[in-house]
Amino acid sequence: MSTHSLRELIWAATVSTEARILATVLVLALFAGVSVGGRSLDAWLKQYVDDAVADSVQATVVALATALTAMFLVTVWRAGWLLEQGFAQIDPSRQQVVAIVLSGVIFVAAYLLTRFTKNSIRRLSKERGAITDHQQEVAHHIVQLLIFGLAVLVVLGIWRVDPSQLLLGAGAAGIVIGLAARQTLGAVLAGFVVLFSRPFDLGDWVIIGDEEGIVTDISVFNTQIRTFDEEYVMIPNDIVTDTEVRNRSRKGRLRIETDVGVDYDTDVEHAMDVAAEAMAGTETPMERPGPNVVLAEFGGSSIVLRLRYYIDNPSARKMWKARTEVIAAVNEAFATEGIKIPFPQRELSGRPQGGDLAVSGISSGAVADSETADADGTGDADDRVEREDAAADGAGGDTGDQ
């Protein structure tokens, strides 16, 4: 059956407006069924062929269904004259038609190739565990840009357009945009450095500058962490690359240190043994490497013992739990053994006064006599009597002068 005969048959079946509406509803329902069936077909094909092949078949089926549906609707609603009028105005030559078809084929091929590369990147990541899910997406978009960039260059060649002119204009525009948004571009470049250097992954416990928390998201522009106060902090990636980053969970274990002081009269070796035995009886710290005790320093009031122990799969909650267990166990063990953890204390000392020094015109002998009088309880009374006599004399003198 020719295309003309098929069109006449569709017109004959859809003479009235109601028939056209019914045909439109039916063909749209059929298109929806084909789309759903295409997904089921994709899942079934992935059991027997590569994911990229299955995705390509699904995309081809959906594309054909879309094209046939569009053609049917154009025929049902007698809209072919619009296409004919458009082609009449464009009046394409045979070479232009071929160029259009080739351009469409190239872009479709580029799209299918990007689907294949995406599945390849995902499969490579699962087999080797080289990159994270977020890095997979970034790598896919980079490859996608490269493939479509090459496709655009090929299409420009088909249409006989000199790419150098476009590149020259794009270069000038790129310079202007780069000067206007150099800080943003710097953050983007830093984002790629962070993504591929992998100083941390999602879920890692990190310290970036003054911020400490769990990494919840890594984008091209910034890194998001959740602090232990349940605050979300967005850190630009250019700051991340310029700041010291400490990853506390990368190695799968973390050493914790807790200081405790003992009295200078304590048997230090015995105290160290007691502390080590107490830590060994706790639950959260790791058994291997086991906890140990070292001498840290001579403190102002005590000899400082440094308790060192490890936790696996580090997290803030686990760190505080381990530290609480260690402090409670060591404190109880020291109390049982009579080992004193001293309070801060200060020793005061003096020296005898040398020489016959005068302070504010009073000789040292007078000061000594005054202190002796105060000790006997008579100094204050004598001073009071002398002050009253002096006041009376002053009053008498003033009266005599009058």
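**Figure 1. Transmembrane regions from the UniProt record, viewed on a predicted model.** The unreviewed UniProt entry places the feature "transmembrane region" at residues 20-38, 59-77, 97-117, 138-159 and 171-196. The model shown here is predicted. In this model, residues 59-77 are 95% helix and 0% strand, with end C-alpha atoms 27 Å apart. Residues 97-117 are 100% helix and 0% strand, and their end C-alpha atoms lie 30 Å apart. For orientation, the chain has 13 helices and 8 strands, and 27% of its 402 residues are buried. Among contacts with a separation of 6 or more, 63% are between residues 24 or more positions apart.

**Figure 2. Helix α2 and its buried residues.** Helix α2 takes in residues 17-45. At 1.5 Å a residue, its 29 residues should span 42 Å, and the end C-alpha atoms are 41 Å apart, which agrees. If you follow the helix along, the buried residues are R20, A23, T24, V27, G38, D42 and L45.

Figure 3. Buried in α11 are A316, M319, A322, E325, V326, A329, V330, A333 and F334. These buried residues pack against β1 (205-208), β6, α10 and β8 (303-312). I327 also lies in α11, but I327 is partly exposed because its relative accessible area is 45%. Look across from I327 to M279: the two are 48 residues apart in sequence, yet their C-alpha atoms are 8.6 Å apart in space. Just after the helix, G338 takes a positive phi of about 75°.

**Figure 4. V268 in helix α10.** V268 belongs to helix α10 and counts as buried because its relative accessibility is 17%. Leaving aside neighbours within four places in sequence, V268 is in contact with L295, I303 and L305. V268 and I303 are 35 residues apart in sequence, with 8.2 Å between their C-alpha atoms.

**Figure 5. D263, a buried acidic residue without a salt bridge.** Find D263 in the loop between β6 (253-262) and α10 (268-280). D263 is buried and has no salt bridge. The nearest side chain of opposite charge belongs to K340, 4.6 Å away, whereas the salt-bridge cut-off is 4 Å. A polar atom of the D263 side chain does lie 2.9 Å from the backbone nitrogen of D265. Apart from neighbours within four places in sequence, D263 is in contact with K340, P342 and Q345.

**Figure 6. Salt bridges.** Side chains of opposite charge can pair when their charged atoms come close. A search of the whole structure finds 6 salt bridges, and three of them can be followed here.

- D204 and R250 meet through their side chains, at 4.0 Å from N to O. The pair links distant parts of the chain, 46 residues apart: D204 is in the loop between α8 (182-197) and β1, and R250 in the loop between β5 (245-247) and β6. D204 counts as buried at 11% relative accessibility, while R250 is partly exposed at 40%.
- R248 pairs with E212, their closest N and O atoms being 3.7 Å apart. R248 lies in the loop between β5 and β6 and E212 in strand β2 (residues 211-218), so this bridge ties together parts 36 residues apart in sequence. E212 is partly exposed, with a relative accessible area of 27%.
- R255 and E257 meet at 2.9 Å, N to O. R255 is partly exposed, with a relative accessible area of 36%, and E257 is partly exposed too, at 34%.

Figure 7. E230, in the loop between β3 (222-227) and β4 (232-236), has a positive phi of about 60° although it is not a glycine. E230 is exposed, with a relative accessible area of 57%. N313, in the loop between β8 and α11, is also a residue other than glycine with a positive phi, near 45°. N313 is exposed, at a relative accessible area of 59%. Finally, a cis peptide bond joins R288 and P289, with omega about -10°. P289 lies in the loop between α10 and β7 (292-298).

Technical notes
Residues numbered from 1 in each chain as written. Predicted model: local features only at pLDDT ≥ 70, side-chain atom pairs only at ≥ 80, totals over all residues. Heavy atoms only, no water. UniProt positions renumbered as here; feature names shortened; annotations may be inferred. Helix = DSSP H or I, 4+ residues; strand = E, 2+ residues; numbered from the N terminus. Buried < 20%, exposed > 50% of the residue type's maximum accessible area, 1.4 Å probe, protein only. Lys, Arg positive; Asp, Glu negative; His and termini not counted. Polar contact = N/O pair within 3.5 Å; in protein donor to acceptor, adjacent residues only side chain to side chain. Contact = heavy atoms within 4.5 Å. Expected span 1.5 Å × (residues − 1).
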